[in-house]
Amino acid sequence: MTVLVIAEHDNNELKPGVAQAVTAAGLAGGETHVLVAGANCSAAAAAAARLQGVARVLLCEATHYADGGAENLAALLATLAPGYSHLLAAATPFGKNLMPRLGALIDVAPISEIVAVEGPSSFVRPIYAGNVLVKVDSTDAIKVLTVRATAFAAAGDGGAAGIEAVPAGPDLAVSRVIGREIVKSERPELTAARVVVSGGRGMGSGENYHKVLEPLADRLGAALGASRAAVDAGFAPNDYQVGQTGKIVAPELYVAVGISGAIQHLAGMKDSKVIVAINKDPDAPIHQVADYGLVGDLFEAVPALVKELGG
Amino acid sequence: MKVLVPVKRVIDYNVKVRVKSDGSGVDLANVKMAVNPFDEIAVEEAVRIKEAGIATEVIAVSCGAAVCQESLRTALALGADRAILVESDIELQPLAVAKLLKAVCDKEQPTLVICGKQAIDDDANQTGQMLAALMNRPQGTFASKVVLGDGKVQVTREVDGGLETVELTLPAVVTTDLRLNEPRYATLPNIMKAKKKPLETTSPAALGVDVAPRLSHSRFAEPPKRSGGKKVADVAELVAKLRNEAKVIA
């Protein structure tokens, strides 16, 4: 049994989630290989080779893999799949886009967002917006999986796997990236941050969202998140959304500010180690899951908190 | 050009889901059902493309029990022109649904298929991608904007850190994210009109598709509850607890 982890990367660095997927791979099968497909991505391959538990890195370079498009990558993976018992990737937009396409190409029913590995064919995953966990057993000879990164520890550095080049497949030339609006942030990536500060509808405006939350996030070295209500109201960009249909986070500390705590939102953050809620409504559902609830006006409480923290 | 939109009948998003006491599944008896919200967004997008004069026909397709006709009638009331039900009484998993949709597409030859990105029951987020693979066509997943051009479609996708726009060669499959559009409400006259629109029924056997499940599901359970609910009096107490009790800040 050999497991192939498909690495998401920007050709230089591995993206958050790869190290956790490697841990899940170790639980699922025997030897773990990592595929790094891209263009001029040897630095990313070297990073994959340093992950503990990785036995071999497959490096596949071609310009048509540079953007991580599912069409070309799934076709490449379909040619590699017969050599593996499991193929898995982190359940990020990259992995969610790619792995089902691979599954269909090799006639395997993929299993999405696993949170536990119970055996080579047996996994646990959340359904119904995280309100139900279910055990899933696969009868397919090859397993195609995406992995919820927050459910697995990250594999550490210190490995020294060999890197082996594999030949690229043809360019299908049916899809190309023509634009990107990626916001470069000095803050940690939302799904990988140790601390997350999130704002909800209670922020009142986009201006308040930034004015009130940024000093706190700066002081805590936190990533910024938002509830669906705040994103819908235009207070924060779409990719800040924490929730079942947005990002799933599980930081050490989650600070929910002006968030009522809809089920949809709770599904995205309830695995955080410590939850703090700041909300003026003592009956808001967020207080029921919070380890520390502060009932009060966020416009007074958050600046006071920053001051108390010595920011 | 034709636009094809798959719709799934799921538990209404407002309903609190309960697990059966023996852990064999989720209790769906006497529970309000509705069209999957992401599929409603897909229907809305297709209807807007038709209203813009780009598409000539919008076809809604559902796979499942006879009762899925209700979901198709909803799609018709929202503006779809006709509907196809692939009727099956056995549990249809996403791969089987993708194969059924592929068979329907072989017949209907749509230029664009718009799927919801995930169903809110199984949260699989797979069918659109698998349909694209089976049709050997490109995919634009998690779309927040769809612009049709000559032989191409530009799809703006929600990805980590922002947005990415891809240009796909048609025919193509698009899956909808939450903010692609805001679906309209079906008006009473349109609900009445929808009853007269054509709804054709077929079956997996007639389409020649093997829909046997590949995955088995067991041990349904609610996740462990958090023991929260503690309150702090003020900011000073909060910081003290975070430092000394939870030890999550320095």
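In strand β14(A), A:A256 is the bridge partner of A:S198. Strand β12 (residues 195–199) of chain A and strand β14 (residues 253–257) of chain A pair in the parallel sense over five bridges; strands are DSSP runs (E, at least two residues), helices are runs of H or I (at least four residues), and both are numbered from the N terminus. Two strands pair if DSSP finds at least two bridges between them.

This is a predicted model, in which local features need pLDDT of at least 70, side-chain atom pairs count only at pLDDT 80 or more, and totals for chains, interfaces and linings use all residues. Residues are numbered from 1 along each chain as its sequence is written, chains are lettered from A and ligands numbered from 1 in the order written, and side-chain values use heavy atoms, without hydrogens and water.

Six strands form an open, parallel sheet in the order β13(A)-β12(A)-β14(A)-β15(A)-β16(A)-β13(B). Because β13 (223–226) of chain A and β13 (231–232) of chain B each have a single partner strand, one side of each is left without a neighbour in the sheet.

| Helix | Residues | Angle to strand |
|---|---|---|
| α5(A) | residues 206–220 | about 170° to β12(A) |
| α1(B) | residues 37–51 | about 150° to β6(B) |

In chain B, strands β7 (residues 139–148) and β8 (residues 152–159) pair in the antiparallel sense over five bridges, and B:V147 has B:Q154 as its bridge partner in β8(B).

Technical notes
Contact means heavy atoms within 4.5 Å. Axes are lines fitted to C-alpha atoms, for helices over the stretch in contact, and angles run from 0 to 180 degrees between N-to-C directions.
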